[in-house]
Amino acid sequence: MDLRVNICGVELKNPITTASGTFGFGHEYGEFFDLSLLGGVGVKGLTPHERLGNPAPRIAETPMGILNCVGLQNPGIDRFIEEQIPFLRQYDTAIIANVSGNTVEEYCGMIEKISDADIDLIEMNISCPNVKCGGMAFGTQAPMVTEVVSAAKKYAKKPLIVKLSPNVTDIAEIARAAVDAGADALSLINTLLGMRIDVDSRRPILSNIMGGMSGPAVFPVAVRMVYQVKKAVNVPIIGMGGIRTGRDVVEMMLAGADAVAIGTAMFADPLAPVHALDGLKGYMARHGIERVTELTGAVEA
């Protein structure tokens with residue numbers, strides 16, 4: 001069977017990638033499985049300079065998921081280029097570099113710099129709900145999406161994936177704004193904005209009060225939004241949000257995803273992407289599907 005998918009001219013050996021924010025730079029997961037098994041790896045979100053993130057507590061459990069307000073802890077884009085790309089290039093997999101900014105100028109500067117690095121795809125995060133400024137504002141308003149994407153696109157020498165927020169009224173409107181502004185592909189969904197309260201202390205559990213909810217509970221929302229975006233635009237889509245199994249991968253692709261990203265599931269099972277890939281192969285074998293691309297958008301609705 002042919003598992004290859006094409007994202008803006010970049011061929012992935014299979015549609016399984018990892019979601020930024022959950023995979024670090026692959027060192028820890030590389031101890032569990034060969035990263036070359038993956039179609040691509042989405043690395044930890046990068047900022048212009050090192051960030052220590054938010055103070056603890058910054059993780060809270062929820063029914064069928066977690067809340068996080070990690071706050072984009074990362075070593076900064078320069079150290080990523082110098083230290084992490086050589087490590088990742090040991091593996092036969094595509095590198096998806098995720099960048100975040102607080103201003104249009106920061107996004108442009110980061111995309112210009114990462115474009116010259118040895119990466120395959122750029123994922124532009126305009127939708128992070130676990131920081132108090134920056135991406136969240138850009139990703140929830142169509143005019144702001146247009147402004148930041150159109151500016152950043154001028155500096156992108158690699159395919160530009162724009163990561164969308166689910167915390168919006170009309171996801172199709174936001175998707176169209178991103179594509180019209182120059183996005184080569186879209187990824188969705190980022191986390192849903194949520195909150196937990198300690199009923200004994202009557203105080204929020206997270207230091208940031210609110211954070212991003214991920215995990216299996218958000219999967220139906222992600223499927224719905226990918227389906228809506230697929231009907232609204234004609235660019236590759238990387239679907240994410242609560243994916244755990246091969247069946248989830250198939251469902252997300254049927255909704256319209258060309259590839260998928262697995263994230264929170266890896267906290268419970270570090271081998272989740274490998275198991276999902278095996279499940280996808282099993283589904284294709286049972287149903288006589290020769291090419292995985294046959295699944296994309298094939299829901300009969």
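Colleague: Which residues lie nearest the centre of the largest pocket?
Modeller: Ser-20, Gly-21, Thr-22, Asn-68 and Thr-191 do, among the 37 residues that line the pocket. Here a pocket is an open set of points on a 1 Å grid where a 1.4 Å probe fits, with protein on both sides within 12 Å along at least five of seven lines, and lining residues have an atom within 4 Å of a point. This is a predicted model, where local features need pLDDT of at least 70 and side-chain atom pairs pLDDT 80 or more, while totals for chains, interfaces and linings use all residues. Numbering starts from 1 along each chain, and side-chain values use heavy atoms, without hydrogens or water.

Colleague: What volume does it have?
Modeller: The largest pocket has about 550 Å³, taken as the space filled by probe spheres set on the points.

Colleague: And which strands supply at least two residues each to the lining?
Modeller: Strand 6 (65–68), strand 14 (210–214) and strand 16 (259–262) each do, and so does helix 8 (265–268); these are DSSP runs, of at least four residues for helices and two for strands.

Colleague: Changing topic, in what order do the strands close into a barrel?
Modeller: Eight strands close up in the order 3-4-7-8-9-10-15-16, with parallel pairing, where a pair needs at least two DSSP bridges.

Colleague: What is Leu-188 in contact with, leaving aside neighbours within four places in sequence?
Modeller: Its partners include Leu-164, Ile-171, Met-225, Ile-238 and Met-240, with contact meaning heavy atoms within 4.5 Å.
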